[in-house]
Amino acid sequence: MTPQRTLAAAVALVAIGVPLNAAEAKAPAAIEPSTVSWQACPEYSDEVLDWMLPAEAQNLFRDLWARTECGTVEVPLDHDDPGGEQITVALTRIKATDQSRRLGSLAVNPGGPGGSGYLMPHQLILGRRGEASIGTQLNERYDLIGFDPRGVGYSTSFDCEGGAMHPGPGPVTEDEARAAQEGVAAFNRSCSLSDTAFLSQLTTVNVAHDLDRIRAALGERRMNFLGVSWGTWLGAVYRSEHGKHAGRVWLDSVAPPVFRFDEFSTVRNAAIGRDFTRMASWLAEHDDRWGFGSTTKAVEKSIARLAAAFDAEPRTFTDIDFVFDGAFIAQAGDQDAPAWGMAADVLAALRDAVGPEAPALIAELFGGSDGGPPPAGAPVPFNETMNRAVFCNEDLGRRDFEGTWAAYRKALKKYPVTGRLHSFVAQCAGWTIPAEPVRLRDSGTPLVMSGHLYETPSPYEWTWDMREEIGGTVVTVDDDVHGSALREDDCAALITTFFDTGRPGSRHCEGAPDGPEGEGTTLALDVGGPGLGL
């Protein structure tokens, strides 16, 4: 398929947010008044709903969908040239249920970059297992606004062909890493040259300008905002670029104020190492169940030996198509606390496996199919090209192989188990579009940032780094789960209080519970190797 701009489908996805920083950003040139082109919402078949949602949530979704308004807003491809080429940004609106007490519009973004926010209002209302949650409360007084950022889903988008290759199982050699970086550079070069005019305009600043066009089209004096992960970077940029029009802003799992992939990977890997020690300490308290050791150090050494053994001889089983190596052990060691029990079960099963066939748990988790492609008409949750373009158009870090390889080797030495998760490839090597730095500032509008004390995708220290740049109030979440503030009742209550009153009412919430037994949880694994994203 030839790369082309497309209007694709989309659905919200909590992914992971990231940023950039530096030079002065230019305000967009004068623009004509914006309008929303309202139109019929997409029709989702029963097959699509089965693919999207558990059965118990589908009736509530249908009710919400009946209340939903769908439309597009035309925006300039280049906001410095408002009379030039125009593209469309797709949005949804669920009007406030209590119009007599309505406070305005609240736009939401799940992260990425590249994640669809078109159905995020619906996800917030559906909550877990279909019960009403934070979205229901927010929707009482706010119109909830979902949207696909430019480059994503139903908005004007583009897809580059192909992708980067990753080394095979086992330890990564310098030659393999160099070859991987050469492959990344070749792909990035080809992608960035395939439609430079469009891809160069995929920036967080432009998405922020698009959001302000949505605000104007909806007739709102201010736009309130709730963002997670990369959505926190978008919220910070929107508040900086359009402070006069920014309302109440809450950012959860906060991105750093300066985006450099080299520093980003190092800080995140240090957080992973710290959290692995927490997991090891918890496992030591449950040595009678898993037998990895009765002290934190003993557990760390035990799992390090397991990783080394699986690197020396990657393990396969006759009844499943999966290779387990040291990188897999590292990923099992980088799990949120609610999944520690499940991760320990998997590690123990691999450690104790003796036959050619996989242990029952391993076969259950890794032996099934991926379910095949989504059904026709299903929304597309993520756009890889937009993800890469936004990051690489904003990455201010080094892109040479030598520096990246040296940082990877240093991480391996410092973190024998989880150092494998440090990137050994400069992710934006070969990207031909120059990076455009952005300077954040404090516009003085109401802002709360919730940082998760033990989180690894968005390490806690980034919350305070961001506060130094843009001000605001920090709420500390005592967990390690990315984006959990929207899902855990005590934190969600602070969010709804903030959007009702302008103040959160507390600077602390517990978040997700610690010390699980593994029931009802799944492992977060990326078997494709290191990539872009938060």
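S229 sits in the loop that links strand 8 (223-228) to helix 8 (230-241); helices (H or I, at least four residues) and strands (E, at least two) are DSSP runs, numbered from the N terminus. Its phi is near 60°, a positive value in a residue other than glycine. S253 also has a positive phi, of about 60°, although it is not a glycine. Buried here means under 20% relative accessible area, exposed over 50%, and partly exposed in between (1.4 Å probe, protein chains only).

| Residue | Loop | Phi | Relative accessible area |
|---|---|---|---|
| S253 | strand 9 (246-252) to helix 9 (261-285) | about 60° | 1% |

The model is predicted: local features need pLDDT of at least 70, side-chain atom pairs count only at pLDDT 80 or more, and totals for chains, interfaces and linings use all residues. Residues are numbered from 1 along each chain as its sequence is written, and side-chain values use heavy atoms, with hydrogens and water left out.

Another backbone feature is the cis peptide bond from G112 to P113, with omega near -10°. P113 belongs to the loop between strand 5 (104-109) and helix 3 (120-126).

An open sheet of 10 strands has mixed pairing and the order 2-3-4-6-5-8-9-12-13-14. Strand 2 (36-39) and strand 14 (508-509) are at the edges with a single partner strand each, so one side of each has no neighbour in the sheet. Two strands pair if DSSP finds at least two bridges between them. Strand 5 and strand 6 (residues 142-147) run parallel and are joined by four bridges, and L106 stands opposite L144 in strand 6. Helix 7 (residues 204-217) packs on the sheet, touching strands that include strand 2 and strand 8.

Helix 5 (residues 174-194) has 21 residues and reaches 30 Å from its first C-alpha to its last, close to the 30 Å expected at 1.5 Å a residue; the expected span is 1.5 Å times one less than the number of residues. Its buried residues include A177, Q181, F187 and C191, and the buried residues of helix 5 pack against helix 6 (196-199), helix 15 (384-392) and helix 16 (401-414).

A nonpolar core is a set of buried Ala, Val, Leu, Ile, Met, Phe, Trp, Tyr and Cys residues joined through side-chain atoms within 4.5 Å. The largest has 57 residues, of which F147, L199, I214, L251, M449 and M466 touch the most other members. Beyond four places in sequence, M449 is in contact (heavy atoms within 4.5 Å) with residues including L251, V254, M466 and I470. Apart from this core lies another, of 42 residues, among them V48, A90, L119 and L486.

Note on methods: Axes fitted to C-alpha atoms, helices over the stretch in contact; angles between N-to-C directions.
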